[in-house]
Amino acid sequence: MRKYNKFLWIMVGVLVVVMIVQFVLTTNRKPPYQQLSYQAEYVFSYATPVVINDSVKLYYANSSDLQKAIDEFNKLSPQDKFKSYQQMFQNLSNSTKLSFIPISYDSTATIINPNTLQFNEHSVVDGIVTAKGSEYVVSMGKVGMKLDSGSVVTLKFPDGSKIISVSPTPTTFNNSMLTWNGPMDLSFPEVVYTK
């Protein structure tokens, strides 16, 4: 069970945003929000950088907590957000003995209604996939994530690619797309694919 605790928010939650908002706003142990939904999409190609798109909706019972969260988010420069993102992947690299290198990172926050805030992230990270001859291997070591109800993790591969192996078994497998739906405890998928 320890693997599910290690770097839980690295790949599940909106990585930098949720961590910063939680750090700034919570003086007690319970965050001032409830996660309504989470979607993560990893887009693979026949190269090693991976495009990651994350989206999370958070419900705040108190709209003033939502306003504090958006204010803190807006205070951070893009450089500060990218630096935090790089640091988290450096910590992950140290823990797994693998090398993850963020190439780019961008995030936005949108107020959906007075009590709901949506964070979106777009990033490119190298090191999640490695080329081994004609095969491409997806792995992040023993990184675990807890997917709540309303959470979806999708891995998209190039059209026409062949999935040689995948673990754990996805909830759905449609053409070159693998999807895991919460609620579940999920080890980050290990996939081997080829052209």
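Analyst: The buried residues of helix 5 are Lys81, Phe82, Tyr85, Met88, Phe89, Leu92, Ser93 and Thr96, where buried means under 20% relative accessible area, exposed over 50% and partly exposed in between, with a 1.4 Å probe and protein chains only. Seen down the axis of helix 5, these buried residues fall within an arc of 145°, so they line one face of the helix; the arc is that of the directions from the helix axis to the C-beta atoms. An α-helix has 3.6 residues a turn, so residues three or four places apart point the same way. On the other side of helix 5, Gln79 and Lys83 are exposed.

This is a predicted model, in which local features need pLDDT of at least 70 and side-chain atom pairs count only at pLDDT 80 or more, while totals for chains, interfaces and linings use all residues. Residues are numbered from 1 along each chain as its sequence is written, and side-chain values use heavy atoms, with hydrogens and water left out.

Helix 5 covers residues 78–96, and its 19 residues reach 27 Å from the first C-alpha to the last, close to the 27 Å expected, the expected span being 1.5 Å times one less than the number of residues. Helices here are DSSP runs (H or I, at least four residues), numbered from the N terminus. Just after helix 5, Lys97 takes a positive phi of about 65°.

As for confidence, the mean pLDDT of the protein is 86, and 85% of its residues reach 70 or more; pLDDT is the predictor's confidence in each residue, from 0 to 100.

Notes: Helices (H or I, at least four residues) and strands (E, at least two) are DSSP runs, numbered from the N terminus.
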